[in-house]
Amino acid sequence: MNTAFVQKAREIAVEIGKRNDFLVVGNYDADGISSTGIMCTALNRLGKKFSTKILKQLYEEEIEKIAGTAQNYIFIDFGSGQLGLLKKIVKENFFVIDHHQPEKEEWPFHLNPLLFGVDGGSEISAAGTAYMVARELGDNRDLSALAVVGALGDMQEQSTGLSGHNREILEEGIGKGVLSKKNDLKLYGRISRPLVQFLQFSSNPIIPGLTANEKACSEFILGTGVDLKEGETWRNYESLSPEEKKRLATALILHMNKNNVPDWKIQAMFGEVYTLEKESRQSPLRDAKEFGTVMNACGRWGHSDIALSLCLGDRAEAYHVALGLLAEHRKQLREGIELMKERGVEEYKNFYFFDAGDRIKDSIIGIVAGMLYGSGAISENKPIIALTHNPDGSVKASGRATGELVRRGLNLGKAFKELQARWGEGTEGGGHAVAAGVKFPAEKKQEFLKELGEILGKQVS
Ligand SMILES: [Mn+2]
């Protein structure tokens with residue numbers, strides 16, 4: 001690990017250790033909530049007094065509400081871009097643990113990998129950064145499991161798996177017996193979906209003739225000699241014997257080959273998967289990727305408290321509520337995708353565009369937009385921007401891009417930040433290169449389409 005980064009994490013841990021009465025304020029996505037869970041568990045183990053707050057964005061009005069409610073504040077998975085505001089409003093006694101692009105402001109209690117030349121987009125997320133502090137606060141290496149969940153939640157894995165600091169954190173977790181890694185089929189739902197749905201709902205990649213075709217999927221699986229049920233229970237992929245897994249995987253490769261799916265896409269179906277060894281065998285929380293999806297489902301339906309309870313170890317009540325929310329989340333995603341496919345997207349020179357009106361909630365519009373790439377409804381040569389109208393008269397645009405576009409220079413987070421800089425008051429934007437969002441007044445829609453086109457055009461030219 002980067003020595004200066006570790007040193008800074010240690011300094012912050014020492015400072016936290018001296019204080020008491022914290023408000024931990026975290027971002028509402030899987031990474032933000034994992035980070036909050038890591039930090040709160042570490043504080044709890046030290047016997048510190050703390051409370052938590054999960055927010056969608058760290059807007060000025062939110063900071064004003066928070067200021068004065070605790071003795072110390074820890075902002076996680078946001079804050080680096082709001083250092084100026086925090087200094088103005090909270091003034092003192094706050095820590096920022098983040099991996100987003102920082103403002104050019106000095107603050108002694110600010111931990112961000114980017115300040116040490118560590119890539120906060122692919123090498124470590126906020127959860128990993130929080131873990132760096134937690135491991136200096138006590139015997140907290142078991143929390144590496146949550147750090148991996150957060151990194152995957154922020155889509156930090158490469159084709160070879162987790163890399164950089166994320167990989168070192170993974171190794172610490174394996175050493176501690178809380179994590180394991182293996183090479184396997186990476187399709188989503190290895191644990192949480194019965195075999196037929198495992199193939200039927202595969203959107204990344206689309207499996208020609210099988211995706212969205214239940215009957216074909218069950219025939220395909222039975223054709224490999226794998227039983228769909230064990231007694232009365234539907235089997236999932238993880239419950240297959242190594243021999244059965246191999247037969248199914250081989251049949252899938254042959255099937256994709258026969259349907260002219262490019263080799264790289266077939267290869268991308270296989271790779272490293274990460275298991276949380278302390279979770280029970282049938283639990284979707286046992287797979288690090290699915291744990292993140294469960295949390296996203298909670299957070300995006302306004303139950304980030306449930307997601308946080310999962311991170312704090314609740315496997316009773318919160319766990320059952322979470323499974324229900326996961327089912328609802330999937331239903332809404334399916335309906336969102338149907339709507340976009342039905343109405344079709346508009347094609348501009350530098351991006352695809354979809355205005356969902358108020359039919360898709362702002363909390364999932366970005367995910368739905370991203371899934372369109374999987375569905376084949378849009379090609380991968382442009383980012384997709386989707387708009388949703390909020391009850392307060394503002395609109396939120398969510399953008400998603402592909403890794404290839406980012407390699408060519410595209411950066412949606414920067415583009416939206418630039419719009420914020422141009423338009424000032426009433427416009428707030430930012431995020432990552434591949435996934436970002438911006439909120440602005442509805443009457444600016446036409447200007448948005450025009451100026452965004454110019455900015456994106458410049459990035460990839
Ligand atoms: Mn994050």
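Predicted model: local features only at pLDDT ≥ 70, side-chain atom pairs only at ≥ 80, totals over all residues.
Asp31 belongs to helix H2 (residues 30-45), while Asp154 sits in the loop between helix H6 (144-153) and helix H7 (165-176), so the pair ties together parts 123 residues apart in sequence. Helices (H or I, at least four residues) and strands (E, at least two) are DSSP runs numbered from the N terminus. Asp31 and Asp154 are both buried, meaning under 20% relative accessible area with a 1.4 Å probe and protein chains only.

Turning to the strands, an open, mixed sheet of six runs in the order S10-S11-S12-S13-S15-S14. Its edges are strand S10 (346-347) and strand S14 (428-431), each pairing on one side only; pairing requires at least two DSSP bridges between two strands. Strands S12 (residues 384-389) and S13 (residues 394-400) are antiparallel, with six bridges. His389 has Val395 in S13 as its bridge partner.

Residues are numbered from 1 along each chain as its sequence is written. Local features need pLDDT of at least 70 and side-chain atom pairs count only at pLDDT 80 or more, whereas totals for chains, interfaces and linings use all residues, and side-chain values use heavy atoms, leaving out hydrogens and water.

Technical notes: Buried < 20%, exposed > 50% of the residue type's maximum accessible area, 1.4 Å probe, protein only.
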